[in-house]
Amino acid sequence: MPIEPVAARRRAADAGSIAIREVSFGFGAGRPEVLDDVTFDVASGEFFVLLGPSGCGKSTVLNLIAGFEQPTQGTVLASGRPVEGAARDRVVIFQDSDSLYGWLTVRDNVTFPLRVQGIAARERDERALAALKVVGLKGHEDKYPAELSGGMKQRTQLARALVLDAPILLMDEPFAALDAQTRSILQDELVQLSVTMRRTVLFITHDIGEAILLGDRVGIMRAGPGSSIKETIVVDLPRPRRRGSADFGTLYERIHRSISEEVQQALRREDSLL
Amino acid sequence: MYHRDAARHSPMTTTSRAGISVDRLEAAARRDPEPVDIGNALPPVRRKRASRALLARRSSWILTALSVAAGIIVWAIASRALDSPLFPSPVRIAHALIESIGDGTLLVDIAVSVRRIAIGFVLGCIVGVPLGLAMGLFPLVRAFCDPVVQFLRFVPPIAWLIPAIMWFGIGETSKIAIIFYMTVFLVLLNTMTGVAAIPRNQLRSAENYGVSGWQLFAWIVFPATVSYSVAGARIAMGNSFAAVVGAELIAANAGLGYRIVDSGQWMAMDQMFAAMLVLGLLGIAADRLARLLAARFLRHYVHSDHAD
């Protein structure tokens, strides 16, 4: 039975929703399709995790929603409107912290999106400070990215996204490059944050545990080329979720089996091609 | 009973009484998260490391001095052994140096050469940076300019000396043109590389926030590439000395290169070497100055490693 997340009910139906309809994508003629007939919806305020083996085109889906790439076929809707290029209502948090501007302090990095809009310095600083407080970086405003740890860099990216009040957050394996401890801490914080911040999150990962820990629903992708959504699983566990619990383990096994099947089928396909 | 006895006689208790112990410091740190001034209680490893760094700094100065001294000594021995007017001793070169500073000729030569370098270098940067940015940013500009640039970068400035003198005369213009030519290519190519090296995520995030064209240029592209431009400019600065001397050797009526030719013709070898000595020192000074300025103003503009 699909449960409707609490946050989803608080929002107007369309604002912050994502809809992907029969989307295909390829990098031009003669090269294999990356995505073939991808369809799924993310409700407003929902935390949706896209999970799949590496190279299956998860990031491509995110890039299509972000507007960095255009689909060869099908439609991508954000807040009910067709996506035409990147926009401030869908903010991306990248896996690599090289998206931070090395010549700006943490504060100036976070205020950057507001500076672009021509918002007055005073308001910028206030909003940046609030965002930095939320992600636990208060007191580090004057540091430069090179002086931050990997986890702090990702917190800065998160603050820079939060400062915009965008209804949709697109997170592209933001914790994948971090050490296990830092990753686990940031996951817990994101869980707490997602309850209070009431935004739609599309979160990409190849880590099953992370998917169950964070997601309202988990969309499992097929192995590429020509990937699509294999199945969508509702994570019907109360929060905060514990990795050790029995329900967690059962769900983990189920998703693990589903992905293993995919990977094995992909290997068989490759074998038959050879 | 036994435990209590052992504790009383353990070395730890003794140190505690003496005032310093690791336990006490740790307890203090637990109570007070602010860093405490622990003075001499700095862990021995760190003290050792600090002294090693100091030693390294000092020994680098000592080694520099030794290196310079060794050079002078080798030169002195060679000139003594050869005993030829073509190979003046360090003392005679020093004399000539002081003399030519005293009568003003050397200072004029320095001023003339430095002025040529400065004008050519600055003009080269003014043209090279925007052109490199444009070539890096706009595929059409790159496609149009690249063949010419690729061709000309393999025609060295020295090859242009004769035509430059024929076109512009033996005065300032031909020298400045040569320095300009060399600087433009180095700065341009480096700047272009810098644009290509901007992390894609930086451009995408900027796009995400809705930057306008000029915002992208002024707030992302320019600061992201400035360290590359400066690196090119530094190489150009170094090569400028070679280029200006080359130009002045061929045809000039003042400058350090001219002084070398002129002294050679009069067999004034000591004056010639004095001019060469000044060239080397000026080069070092210019490079040090550039490095100092870069460290002062461009510390945060250098690309941090992406690996971390």
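Predicted model: local features only at pLDDT ≥ 70, side-chain atom pairs only at ≥ 80, totals over all residues.
Residues are numbered from 1 along each chain as its sequence is written, and chains are lettered from A and ligands numbered from 1 in the order in which they are written.

**Entry: domains of chain A**

For contacts I count two residues whose C-beta atoms, placed from the backbone, lie within 7 Å. Nine residues of domain 1 of chain A and seven residues of domain 2 of chain A take part. On the domain 1 side, helix α6 (residues 180-197) of chain A gives the most, with three residues. Helices (H or I, at least four residues) and strands (E, at least two) are DSSP runs, numbered from the N terminus. I sorted the domain 1 side of this contact into seven nonpolar residues, one polar and one charged. My classes: Ala, Val, Leu, Ile, Met, Phe, Trp, Tyr, Cys and Pro are nonpolar, Asp, Glu, Lys and Arg are charged, and the others, Gly among them, are polar.

**Entry: chain A against chain B**

I find 21 residues of chain A and 18 residues of chain B in the contact. On the chain A side, β6 (90-93) and α3 (106-116) each supply at least two residues, and α3(A) gives the most, with three. The chain A side divides into 15 nonpolar, three polar and three charged residues.

**Entry: sheet in chain A**

I traced an open sheet of four strands in chain A, ordered β2-β1-β4-β5, with antiparallel pairing. Strands pair if DSSP finds at least two bridges between them. β2 (33-42) and β5 (81-82) of chain A stand at the edges with a single partner strand each, so one side of each has no neighbour in the sheet. Strand β4 (residues 73-78) of chain A is joined to β5(A) by two bridges. I noted that Leu77(A) has Pro82(A) in β5(A) as its bridge partner.

**Entry: helix α13 of chain B**

I checked helix α13 (residues 269-297) of chain B: its 29 residues reach 42 Å from first C-alpha to last, close to the 42 Å expected at 1.5 Å a residue. The expected span is 1.5 Å times one less than the number of residues.
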